[in-house]
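Hi everyone, thanks for making time today. Have a look at the model on the screen while I talk you through some helix packing and a few backbone details.

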Amino acid sequence: MTEASAWTEAAEALADEVTAGAPAWHDAVRNTPRHLLVPRWWRRIPNSPAREWELADLAEDSPERLRAAYTDETLVTRVGPTHADHAVPGERGKGDPTSSSTLPGLIVSMAHRLDVKPGHKVLDVGTGSGYSAGLFARRFGDENVTSVDVDPYLVEAARTRLAEFGRTPRLAAVDATGELPEPEYDRIMATVSVRPVPASWLRALRPGGRLVTTIAHTALLITADMGTDGIARGTVQPDPATFMETRREADYPPKLDDLFRSVRVREGEEVRPPEGAVPDLWQEWPLRWLYELETPGVETRAATYPEDGRRVVWLLAGDGAWARAEDGTAPLVHQGGPRRLWDDLERVRRKWEENGRFSLHALRAELGAEGGALLSPDGSWVFPV
């Protein structure tokens, strides 16, 4: 089997898998060589307490590289400030991902929701490896696709690699939360998460245009159509999607590790039993995301004590506020700092229960250049986004 036939067969198998519900994208997936766009990537080292990563650097025609490239999985290309392209053999990445090649199935699902028509001008926010830009350009023409990323290296690498197989969409290194390369677009799709939804996107979206994006620190995927009044209206989609947040620096701000260490077992300034059961915020994700919408920027951590199976949940905020809740035979909540974070979580849970524990897919979006919001089904609960 030749190298060309090996990757094309793998790409066709991937296309069969990820475009079953969006067959119009089959040709684009089948003819986009993802392995050329992601020559190296980072793999998480299991059980690494320092969030370490090892480099995957494989020959272009190796079965393992082709298998990784044409499996419906995300490939992390940048960890902290270090891109896999710049790592030396044996180097370990440390920190959280700052760029990746998103799993193809999610790209196709979002692109399908975008409902691009021939001749539409498309803005792809978050160039990354260039894969989504390549798919759009294959299907709708290079001249109709603009892709932006804050990282100049990512943009140049994507431009070079896309050109190797004949794709030449417009690529620009800009902060997409600010001014955009062109004044108007028919469709905008973001593979980075935002909050707020940038005013520049709403100003650039033509009446009748569509926006597909996610809200930062949640997995809420929004599709909204621009009206003639300058307001894009839509809903939260039923399938969740998680993306890295937009950034302006080489890396994201550090996590609150020092605060966590200082309060991990500290006695709280206020200690009381919780209202009801201590929630598992990784299983009860609607509550977790509502809490994020209502109280942005709170870190959540959890652990289970192996000796007795007790669960512990920590809430941490940049202003020094913290909470620790432990379940078990005598559940307790410890809180400290300038705010009572667990009180806020319980208030959100009560309000959600009073509103009938509505599905988050029932949230409505109203987005304008002067500000946007998600609204509960009856409109009584408003979350600025």
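This is a predicted model: local features need pLDDT of at least 70, side-chain atom pairs count only at pLDDT 80 or more; totals for chains, interfaces and linings use all residues.

Residues are numbered from 1 along each chain as its sequence is written, and side-chain values use heavy atoms, with hydrogens and water left out.

Helices (H or I, at least four residues) and strands (E, at least two) are DSSP runs, numbered from the N terminus.

Let's go to helix H5, residues 104–114. Eight of its 11 residues are buried, so H5 is mostly covered, where buried means under 20% relative accessible area, exposed means over 50%, and partly exposed is in between, with a 1.4 Å probe and protein chains only. Among the buried ones are Pro104, Ile107, Ala111 and Leu114.

Now, how do we describe a packed pair? Two packed helices are described by the angle between their axes and the distance between the axes. The axes are lines fitted to C-alpha atoms, for helices over the stretch in contact, and angles run from 0 to 180 degrees between N-to-C directions.

H5 and helix H6 (residues 131–140) have axes that come within 11 Å and cross at roughly 45 degrees. That makes H5 oblique to H6; angles under 35 degrees count as roughly parallel, over 145 as roughly antiparallel, 65 to 115 as roughly perpendicular, and the rest as oblique. Pro104, Ile107, Ala111 and Leu114 of H5 meet Tyr131, Ser132, Leu135 and Phe136 of H6, with contact meaning heavy atoms within 4.5 Å. That set divides into seven nonpolar residues, one polar and no charged. For that count, Ala, Val, Leu, Ile, Met, Phe, Trp, Tyr, Cys and Pro are nonpolar, Asp, Glu, Lys and Arg are charged, and the others, Gly among them, are polar.

Over to the second pair. Helix H10 (residues 285–294) is mostly covered too, with seven of its 10 residues buried. The cover includes strands S11, S16, S20 and S21 as well as helix H11. H10 and H11 pack at about 115 degrees with their axes 10 Å apart, and are therefore roughly perpendicular to each other. H10 also passes H11 in a right-handed crossing. Residues making this contact include Leu287, Leu290 and Tyr291 of H10 and Leu345, Val348 and Trp352 of H11. Here the contact residues divide into eight nonpolar, no polar and four charged.

Last stop, the loops. Most residues other than glycine have a negative phi, and most peptide bonds are trans. Which residue follows H5? It is aspartate 115, with a positive phi near 55 degrees, and aspartate 115 is partly exposed at 30%. Arginine 357 also has a positive phi, about 50 degrees, in the loop between H11 and strand S19. The peptide bond from arginine 195 to proline 196 is cis, with omega near 5 degrees, and proline 196 lies in the loop between strand S10 and helix H8.

That's my tour, and I'm happy to take questions.

Terms used: A crossing is left-handed if the near helix is turned anticlockwise from the far one by less than a right angle, and right-handed if clockwise.
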